[in-house]
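Hi everyone, thanks for coming. Please have a look at the structure on the screen, and then I'll walk you through it.

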Amino acid sequence: MGLTLIVGFVRLLTGSLGTVTGVEAIHEAVEPVTLLLLLRAFSSGCTALTGIEAISNDTQLFKQPRAKNAANTLVVMAVILITFFLGITVLANAVQAVPSHEETVISQLARTVYGSDGIGYLGYVLTIIGAFAVLFMAANTPFADFPQLAALHSSDGFLPRQLTYRGRRLVFTWGVLTLSISAMVLVIITGAVVTNLIPLYAIGVFLGFTISQAGMTRRFWRAGQLKPGEFTYGLETKITYDPRWLIKIAISGLGAVVTFMVMIVFIITKFSHGAWFIVLLIPTLVWVFFRIHRHYKETAARLKLDETPVFAQKAIVFDPTIHSEMAVYFCDTWSKLAVSVVGAIIKRGIPVKIIHIGVDAKRAAAFQKRSQEIAELNGWDRSVMEVIDDPYRDLYSMVTTILKDLMTQYPDVHLLIYIGALRTHFPYNLLHMSTDRFLRDALMEAGDDIALTVKQVHLDALPLPEGFKVTFEHATDHHIDEQAETASHAATPNSAT
């Protein structure tokens, strides 16, 4: 495309650029030039901006410093976008390209710039192949970005936890499946007509632009209220005083107003062409997200251990010379559910092995810390609890491997697999991973001499803490780590050095 623009402008400056021929234009009634028409044309042109938001979705994938590298990439994308958009617009007017159902403007432009004979035809073909390749790769963008974005929202508790699950190919399996099904439904409903799909997409994108720009405006306002050297915390990052906060507020505020205006124009002009659906869908989804978040917050509050649990009996350490069976419990985190399962095991007097598969360093550290407290308080041998790292984050394969290794190491020992299952009413039961089914499938691959016992806990029977309130703020790892470092320095003698 860059070569096409260069050749086109050279021919335009030398007076050798022709005009489009052989294309039948779409004839529509001429509309008077009104403010609404100008806004509609502006908003339609702004659809060229859609796609650059992919950078924000994948910022965490950049090397450090992430924000700077992502911003530089965004600048490069913006320069390419503006150059191509303006260049194509100027040349399309110069060659008198026309809107047509039979041939795109890009095709008309390339055909006129290169001609239809010899090497020129090759240039035309390569341009069309390039445009096709870009569009083909662009269709892959949501399959790379949506599962990642959905997993981020899921980890914050606004989408079902299943979306954080990585399959055997280390991708977010449920995110890919959700997007695939949704895409097929949309294609069927809209008849695969691009003009019907663009308003649905653009409204959502420009709503995201508006919210993000408004958020940056608020952030710079907070930065401007600080004094030099002071800082405060946002939900995600540390906010420090910025001497250029007024300029940044003006830029972000203008961006929020412009993108909001584009969104409103899309809603008005495309309302009867399908925009009404997205206008109803977005508030409905937001309501669903907050209901999901409330349920996960309540679940965490019901299951949270306020104090280190005390068990009625000691956990028996497995000894292959005297024991013919062993209970294995795969524990994600110590909670009231885990206490209930472990309590049921030691009540039966069975040797137990509590295993945490480490796919997240912070969760594994939290499990080890709580396990140490439980062992010290109850007089347990620490070998009862074990963390096994899984560098590939493939829980299914790791569970199968662990069980096969145990069966190989202790061929005469009968393994009893215990798991905990939360039970709650519809539709909230759909928000929880079916761990029992997951482990059942892993057991079927591990072997025959394994029994599975499911310990159920009814979530609604667990009381909420007194004074519990649902909040949507959270302390990030950056915030927590910095607080811990500050506390460590404060507690260390001669910390000033």
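A quick definition to begin: I call it a contact when heavy atoms lie within 4.5 Å. Please remember that this is a predicted model, where local features need pLDDT of at least 70 and side-chain atom pairs count only at pLDDT 80 or more, while totals for chains, interfaces and linings use all residues. Residues are numbered from 1 along each chain as its sequence is written, and side-chain values use heavy atoms, with hydrogens and water left out.

Let's take the overview. The protein has 15 helices and seven strands; these are DSSP runs numbered from the N terminus, with helices being H or I of at least four residues and strands E of at least two. Of the 497 residues, 33% are buried, where buried means under 20% relative accessible area, exposed over 50%, and partly exposed in between, using a 1.4 Å probe and protein chains only.

Now the sheet. Five strands make an open, parallel sheet in the order β5-β4-β3-β6-β7; two strands pair if DSSP finds at least two bridges between them. β5 (385–389) and β7 (450–458) are at the edges with a single partner strand each, so one side of each has no neighbour in the sheet. From one strand to the next, the twist averages 30°. Strands β3 and β6 are joined by five bridges, and valine 328 stands opposite isoleucine 417 in β6.

Which strands does helix α11 touch? Helix α11 (residues 336–347) packs on the sheet against β3, β4, β6 and β7, and its direction makes about 145° with that of β6. Helix α12 (residues 361–378) lies across β4 and β5, at about 165° to β5. For these angles, axes are lines fitted to C-alpha atoms, for helices over the stretch in contact, and angles run from 0 to 180 degrees between N-to-C directions.

Finally, helix α10. Is histidine 295, in that helix, buried or exposed? Histidine 295 counts as buried because its relative accessibility is 7%. Beyond its neighbours within four places in sequence, histidine 295 contacts Thr424, Tyr428, Leu431, His432 and Leu459. Tryptophan 276 is also in helix α10, but at 41% relative accessibility this tryptophan counts as partly exposed.

That's my tour, and I'm happy to take questions.
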